[in-house]
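My notes follow in the order in which I made them.

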Amino acid sequence: MTVEFALDEQQRDFAASIDAALGAADLPGAVRAWSVGDVAPGRKVWQQLANLGVTALAVPERLDGLAAHPVDLMVALERLGRWCVPGPVTESIAVAPVLLADDDRCAGLASGELIATVALPPQVPRAVDADTAGLVLLAGVDGVTAASVGQRHPSVDPSRRLYDVTAVGDPWQADVKRAYEFGVLATAAQLVGAAQALLDAAVDYAKQRTQFGRVIGSYQAIKHKLADVHIAIELARPLVYGAALSLEPRDVSAAKVAAAEAGLLAARSALQTHGAIGFTQEHDLSLWLLRVQALRPAWGTPEGHRRRVLETL
């Protein structure tokens with residue numbers, strides 16, 4: 001028996017509203033600016049997300065949030081991956097609200113005035129964009145603390161700067177395990193969105209590029225390659241939404257593995273379809289290629305999540 005997962009009309013409308021807002025913004029320009037330390041264009045994008053309620057989805061209602069269902073959160077995060085939104089998306093929108101569930105600072109997350117980042121060793125040893133985040137958190141078995149920023153480390157995606165962080169002050173208790181599951185799922189959802197963006201770009205380019213007097217999209221080999229990507233995405237997406245319903249570690253890890261594989265396949269196929277132009281930094285395709293490479297190991301590698309699935313069998 002085949003199990004299908006379909007979004008309701010309200011969720012589809014919410015996704016469409018995010019697409020409309022982000023489609024009108026210059027996301028490639030914002031990502032490139034973020035990569036060189038100019039976060040102003042990216043912060044404008046985040047304010048748009050706040051206006052749509054995206055930054056408030058996981059925040060409790062008593063702290064001016066929406067307390068939305070995890071599925072609604074994944075709907076939004078898939079779209080943010082589709083548009084390659086810069087900044088600590090997973091950490092600020094999905095994870096920090098769990099770690100700050102009883103903290104008034106959650107209201108700042110909801111309004112978009114505060115952007116937070118998180119390190120959660122050993123799976124997440126460094127914090128993304130800790131130099132520009134308004135709040136840096138360090139979570140572990142002993143609880144959660146604020147953190148100071150240390151050494152910067154190189155990242156395959158220059159728009160995702162990685163930093164060592166050190167605990168500052170007294171810890172408080174939070175549901176760190178739940179926060180981790182949200183972090184994994186949020187990353188998986190973004191990978192699905194990025195994979196869809198890469199597939200759409202490859203399909204569009206295959207309709208334009210010619211070789212031996214024919215558009216390359218007419219060749220069976222290209223059709224089959226892009227169809228494989230479509231199938232991988234359609235397999236990963238319901239796993240992400242299904243895991244958002246259960247929040248079981250096995251389901252969450254299975255979703256991350258499927259999303260990581262879909263992202264990698266989409267990246268390879270898009271690069272092969274575009275040819276040499278896809279290797280250039282000037283082409284926008286490079287932004288999504290690098291984002292996929294950065295998100296695949298983020299919040300646990302595919303190998304680590306495969307092991308976690310096997311341990312539950």
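**Helix pairs**

I began with α9 and α10, which are roughly antiparallel to each other (the term applies to angles over 145 degrees). Before going on I noted that this is a predicted model, in which local features need pLDDT of at least 70, side-chain atom pairs count only at pLDDT 80 or more, and totals for chains, interfaces and linings use all residues. Residues are numbered from 1 along each chain as its sequence is written, and side-chain values use heavy atoms, with hydrogens and water left out.

For helix α9 (residues 249-274) and helix α10 (residues 285-295) I looked up the axes, which come within 10 Å and cross at roughly 150°; axes are lines fitted to C-alpha atoms, with angles running from 0 to 180 degrees between N-to-C directions. The crossing of α9 and α10 is left-handed. On the α9 side I listed K256, G263, L264, A267, A270, L271 and H274, which meet L285, L289, V292, Q293 and L295 in α10 (contact means heavy atoms within 4.5 Å). The residues of this contact divide into eight nonpolar, three polar and one charged.

I then turned to helix α1 (residues 9-23) and helix α3 (residues 40-52), whose axes come within 10 Å and cross at roughly 155°. α1 and α3 are therefore roughly antiparallel as well, and their crossing is right-handed. From α1, the residues F14, S17, I18, A21 and L22 meet V45, Q48, L49 and L52 of α3.

Note on methods
Helices (H or I, at least four residues) and strands (E, at least two) are DSSP runs, numbered from the N terminus. Angles under 35 degrees count as roughly parallel, over 145 as roughly antiparallel, 65 to 115 as roughly perpendicular and the rest as oblique. A crossing is left-handed if the near helix is turned anticlockwise from the far one by less than a right angle, and right-handed if clockwise. Ala, Val, Leu, Ile, Met, Phe, Trp, Tyr, Cys and Pro count as nonpolar, Asp, Glu, Lys and Arg as charged, and the others, Gly among them, as polar.
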